[in-house]
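Please look over the model shown here.

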Amino acid sequence: ALEKRENIYLFIPNIIGYVRILAGLAAFWFSEEWKVFFWCYWVSYFLDCFDGAAARKFNQATRFGQMLDMVTDRCSSACLFALLAKLYPGPLGFACYFMLALDLASHY
């Protein structure tokens, strides 16, 4: 008998994750237009509140979804710290690079 397998890549929490990635990419693409950057970045982080809840509500928690969420979080934070370091060279920029390294090191 053939087993019907669900396509986990189309689970609701993963779709939320893909939208987060697109919003994050748009934010950094438009990083020189601060209002566009702000709203795109906000959308990405706002949606982060819902992917885990959706996974639990729809019984769609997967290892792929967990990794997608964590990697999206780390990439978003790393890009934000790098952008801030570029905008504020000197001691504040160094602090941003330090926070970037600390963020990455504390999650792996």
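Predicted model: local features only at pLDDT ≥ 70, side-chain atom pairs only at ≥ 80, totals over all residues.

Helix 2 covers residues 34-57. A bend of about 30 degrees occurs at aspartate 48.

Just after helix 2 comes asparagine 59. Its phi is positive, about 55 degrees.

## The buried side of helix 2

Phe37, Cys40, Tyr41, Ser44, Asp51, Ala54 and Ala55 are buried in helix 2. An α-helix has 3.6 residues a turn, so residues three or four places apart point the same way. The buried residues of helix 2 pack against two partners: helix 1 (12-29) and helix 3 (63-87).

## Aspartate 51

Aspartate 51 sits in helix 2. Its relative accessible area is 8%; the cut-off for buried is under 20%, so aspartate 51 counts as buried. Setting aside neighbours within four places in sequence, aspartate 51 is in contact with Pro13, Ile16, Arg20 and Asp69.

## Helix 1 against helix 3

Helix 1 and helix 3 pack at about 15 degrees, and their axes lie 10 Å apart. Angles under 35 degrees count as roughly parallel, so helix 1 and helix 3 are roughly parallel to each other. Helix 1 passes helix 3 in a left-handed crossing.

On the helix 1 side, the contact is made by Asn14, Gly17, Tyr18, Arg20, Ile21 and Phe28. Helix 3 contributes residues including Phe64, Gly65, Leu68, Asp69 and Thr72. Cys79, Leu80 and Leu83 of helix 3 are also among them.

Definitions and conventions:
Residues numbered from 1 in each chain as written. Heavy atoms only, no water. Helix = DSSP H or I, 4+ residues; strand = E, 2+ residues; numbered from the N terminus. Buried < 20%, exposed > 50% of the residue type's maximum accessible area, 1.4 Å probe, protein only. Contact = heavy atoms within 4.5 Å. Bend = angle between axes of the 7 residues up to and from the residue. Axes fitted to C-alpha atoms, helices over the stretch in contact; angles between N-to-C directions. Parallel < 35°, antiparallel > 145°, perpendicular 65-115°, else oblique. Left-handed = near helix turned anticlockwise from the far one by under 90°.
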